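Dear colleague,

I am handing over the structure below, and my notes on it follow. Please read them with the model open beside you.

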Amino acid sequence: MGIEIDFLAVGEASKSGDAIAIRFGNLQGRRDEQTIITIDGGTRETGEKLVEHVKTHFHTSKVDFSFLTHPDGDHASGMSAILENLEVGKVLMHRPWAHSAAIHDLFDDGRTTPSSISERSRESLAAAHEIETLALAKGLEIIEPFAGIATTSGSIRVLGPTIEYYREVLSQFDHMPVLANAQSFSLSSIAGGVITAAARAINWIAERWDQDLLVEPEEDATSAENNSSAILLITTANGKQYLLTGDAGVPALTRALDYAAGIGVNLTNLNFFQVPHHGSKRNLGPAVLNRLFGGIQATGSNPTKTAFISCAKEGAPKHPNKRVTNALLRRGVKSFSTAGKGVLQHDEAPPRAGWSAASPVPFHGQVEDDD
Ligand SMILES: [Zn+2]
């Protein structure tokens, strides 16, 4: 029983995004012995490449499940190409506009109504709304990927967000009205803190193997939209586990791990990890990494696990951040970044002509001193 996980290249210059295709099951067998999923679609252009990828490498135009992790444009824009050009079984996406009645009490400016909030969501998250419109027009079933959603066999399991956490972060999305309990701050203090756009020279500092410089990000280090990302666990028939994280941050990942522990799913066989948010240091800290992979290993120990990072060709130094790839490597996880080319993780899969072994990101003895 095998698996192929393809991360397509997204982003010509410095803008990252996600476009992922996964096939698992008996990869030497018939189509109905396999499950095929897509996760996000990147830009419009990569969405079309993802369609071609499924046809060329998975030899089918039928996708069982098409996931949208969260509504940001770098994930959602390309997904409409999948619905337009492939035969999709079920669409798994959150419908932000469907939760307005549940969250509207949190705003108290006297003008918001559930329908005005829904209207704002549809307008501001236009790429995601387009996917819903397309799916409904095709009569496809749409399922919101909340913790607890799983295939009958348990091969695909959503670990987060719970519906409660989703609604909490949804109320903090950029386009939402100001929350009733939000702290107000004066304009003058914001003006005083304006960061100039002038380019800064990068200072480098040394990082030793036994000295983790990755620090726990602040609770609000990544956006509410990112923390709304669906977090998926795929378990193949041979028991290997693959964790896909979208752009989730530490609060979202911590809750997903708590949820997994609560339902008795332990991640001891985790051998593949999607580094969230294109390798940003705002989305991972030592605590989550220790829970996933254990603590720092001895110098020179062989990494046995794999991480993939969807990042633009010119995404450095933000995507991926060297503190993140170092932190993974010292916990036994080697990472591979897309950076302008597709990468493939495979197990018991047929050979692919023209594909060669990729080089993992090395340990960096110098990291950016950008704090
Ligand atoms: Zn993103």
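A residue is called buried here if its relative accessible area is under 20%, exposed if over 50%, and partly exposed in between, with a 1.4 Å probe and protein chains only. This is a predicted model, in which local features need pLDDT of at least 70 and side-chain atom pairs count only at pLDDT 80 or more, while totals for chains, interfaces and linings use all residues. Residues are numbered from 1 along each chain as its sequence is written, and side-chain values use heavy atoms, with hydrogens and water left out.

I begin with the metal site. The zinc ion is coordinated at 2.1 to 2.2 Å by Asp74 (OD), His75 (NE2), Asp247 (OD) and His278 (NE2); donors are N, O and S atoms within 2.8 Å of the metal (3.2 Å for Na, K and Ca), and because water is not among the atoms, sites may look incomplete. Along the chain these donors follow the spacing D-H-x171-D-x30-H. Asp247 lies in the loop between S10 and H10 and His278 in the loop between S11 and H11, so this pair ties together parts that are 31 residues apart in sequence. Helices (H or I, at least four residues) and strands (E, at least two) are DSSP runs, numbered from the N terminus. Asp247 is buried, with a relative accessible area of 1%, and His278 also counts as buried, at 3%.

Turning to the sheet, six strands form an open arrangement in the order S7-S9-S10-S11-S12-S13, with mixed pairing; two strands pair if DSSP finds at least two bridges between them. The edge strands, each pairing on one side only, are S7 (156–160) and S13 (333–337). Strand S11 (residues 270–274) pairs with strand S12 (residues 305–309) in the parallel sense over three bridges, and Phe273 stands opposite Ala307 in S12.

Finally, Thr69 is placed in the loop between strand S4 (62–67) and helix H2 (73–76), and at 3% relative accessibility Thr69 counts as buried. Not counting residues up to four places away in sequence, Thr69 touches several residues, among them the zinc ligand His75 as well as His94, Ser228 and Gly246, where contact means heavy atoms within 4.5 Å. The side chains of Thr69 and His70 are joined by a polar contact of 2.9 Å, that is, a pair of N or O atoms within 3.5 Å, of which, within protein, one must be able to donate a hydrogen and the other to accept it, residues adjacent in sequence counting only if both atoms are side-chain atoms.
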